[in-house]
Every structure is written in structure tokens, then in C-alpha cells.
Amino acid sequence: MPSVQPSAHESLVVDSGLPKYYDAAVAIPSPGFETLARTARENHVFLSLGIIEKEGGTPYYTAFLLDRDVTLLYEYRKSQLIPTAAERLIWGRGSGDGLIVADTAIGKVGGLICWENYMPTARLALCHKGIENSVGPNADDLPSWIAKCSTSRKKAAVSSSTQINSANDRKPDGTAWTANDGGSRVIGPLGTFLAEPVWDNEEIVYAELRMGELTEAKMDFSFDPVGSHSRPGVFWN
């Protein structure tokens, strides 16, 4: 029988390492996800995390929130909005019903993933849902990202967690990944750092969230996006 040669598309998928990437992703539920849930349960903490989720044959950029008794408060797939950059080639999008702000014992928690924070209408949607603590897992360590986090204030305290890729991290073919210098930080609703960015180091970032600053930020004559400055009759006609 004649041999069957892989198509150019099949070769591209295999050579890119995508099968290994997919195999390493986390299904919800799964033993890997239960390991994360056990961490929240044993430490009696809320756990918000950005992961690569898999379902069927499709990977998703996903952020989830577990409460202290490991109830899944939301599971948000980034691509439920519009995938950015190369994400349009690989990652799937969901139904659009995952953009949730959860009312918790530590305030109303939600967030967007990475460059979704550049989308004004996505941020406004969270404002209308009453967000107080915005969590933003991302892979951007550029100065413009810090500026974006700062301008996303007035609605919430912003926690931006950024991954670190060291020069020793390797692709499947042995070549090095482009280094990512980190920069995880916490910014208060007044636009000031509650925890300064952490660069080039794995570290736990601690900050005290002063919820009273949320009201102060909206009443200091500067900006309340869904209050006195909303003007739906002007902006939505």
C-alpha cells in the first residue's frame, strides 16, 4: 500500500508542539483542577487563577474563581469576547455568558484576561456589574500594560498577575522562549500601587485592600463610569 504523507497542516500542528500544549492544559473538572481546589480548601483562601483549559479538542484561555469552600464562582473563557493576536488561530471562544462579577465576602470580584483590558466596552460591562476587585492574569510585561492597569482604576482595585519565563525555559525543539520579566502588581482604585511590580523573580505579592477607597475614587470629582459620568443618552445613541 502507498504510504500516506501528512499534510502541510498536520505537519505544522505536530512541529509546533500544539499536541503537547493541549495535553498539558487543564480540564474542569479533572484531577489537575482538583489539585488547585485542594490548595484553596487547605489554606482557606479564595483562589483566582488563569489557566489554559481544554474541552473536547479545543484549548481556551480561562480565568476562574474558587471561594474558600471551593465552590466555583465563575469560569470565564477569554475568547468569549474577541481573541487577540495569534489566539485567533488556536484558541476557541465560548457562549459569552462567563463575564461574571461574583459577590463574595471580600467584595465583588471579576476580571478580564490580558489584552481584553484594552477593550473599553468589556471594562464598562464589568463596571455595570458592580466590580470592586478586578483580577487580570496576563502575559504582558510592557510599560504600556502598567499604564493600562492604572487607567482601569476608579471602578476597582486591580490585581495584575504576570507570568515569568526565564531564559532557561525551552520550547519542544530546544530553543529558548522569549523571556518575560514578570511585573505582577496590585493597584488601588485611586491609581496608586498597593504592591509594587515584582520583576525577574518568583514571589508572593501581598496587599491590603482598603475598600473605602472605592467610594473615595468615585467621589473625588474625577470619574464614576456608571454613575455621574455614564451619560447613556449621549454615548449609546
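Salt bridges, cores and a cavity in the predicted model

Five salt bridges are counted when the term is taken as a side-chain nitrogen of Lys or Arg within 4 Å of a carboxyl oxygen of Asp or Glu. The structure is a predicted model, in which local features need pLDDT of at least 70 and side-chain atom pairs count only at pLDDT 80 or more, while totals for chains, interfaces and linings use all residues. Residues are numbered from 1 along each chain as its sequence is written, and side-chain values use heavy atoms, with hydrogens and water left out.

Side chains of opposite charge can pair when their charged atoms come close. One of the salt bridges joins E53 to R77, with an N to O distance of 3.1 Å. E53 lies in strand β1 (residues 47-55) and R77 in strand β3 (residues 72-77), so this pair ties together parts that are 24 residues apart in sequence. Strands (E, at least two residues) and helices (H or I, at least four) are DSSP runs, numbered from the N terminus. Both partners are buried: the relative accessibility is 2% for E53 and 12% for R77. Here buried means under 20% relative accessible area, exposed over 50%, and partly exposed in between, with a 1.4 Å probe and protein chains only.

R77 also forms a salt bridge with E55, at 2.4 Å from N to O. Because R77 belongs to β3 and E55 to β1, this pair ties together parts that are 22 residues apart in sequence. E55 is partly exposed, at a relative accessible area of 45%.

The largest nonpolar core holds 17 residues, of which L65, Y74, Y76, L112 and L126 touch the most other members. A nonpolar core is a set of buried Ala, Val, Leu, Ile, Met, Phe, Trp, Tyr and Cys residues joined through side-chain atoms within 4.5 Å. Two or more residues of this core come from each of β2 (58-66), β3 and α5 (120-128). A second, separate core has eight residues, among them V26, A37, A40 and I51. Y74 is in contact (heavy atoms within 4.5 Å) with S48, A63, F64, L65, I100, A102, V109, G110 and G111, leaving aside residues up to four places away in sequence. In helix α5, the buried residues are A122, R123, L124, L126 and C127. Just after α5, G130 adopts a positive phi of about 85°.

Two cavities of 30 Å³ or more are found in a search of the whole structure. A cavity is a set of points, on a 1 Å grid over the protein atoms alone, where a 1.4 Å probe fits but cannot get out; lining residues have an atom within 4 Å of a point. Grid points are joined across faces, edges and corners, and a volume is the space filled by probe spheres set on the points. At least two lining residues are supplied by each of β1, β3 and β6 (133-138), and β1 gives the most, with three. Eight of the lining residues are nonpolar, three are polar and none is charged. In this division Ala, Val, Leu, Ile, Met, Phe, Trp, Tyr, Cys and Pro count as nonpolar, Asp, Glu, Lys and Arg as charged, and the others, Gly among them, as polar.

Two further residues were examined individually. L72 is located in strand β3 and is partly exposed, with a relative accessible area of 35%. Contacts of L72 are made with I28, F33, F64, L65 and L66, again not counting residues up to four places away in sequence. The C-alpha atoms of L72 and L47 are separated by 9.6 Å, and these residues are 25 apart along the chain. E213 is found in helix α7 (residues 212-218) and is buried at 12% relative accessible area. P189 and L190 are touched by E213, with residues up to four places away in sequence not counted.

Definitions and conventions. On a 1 Å grid over the protein atoms alone, a cavity is a set of points where a 1.4 Å probe fits but cannot get out, and a pocket is an open set with protein on both sides within 12 Å along at least five of seven lines; lining residues have an atom within 4 Å of a point.
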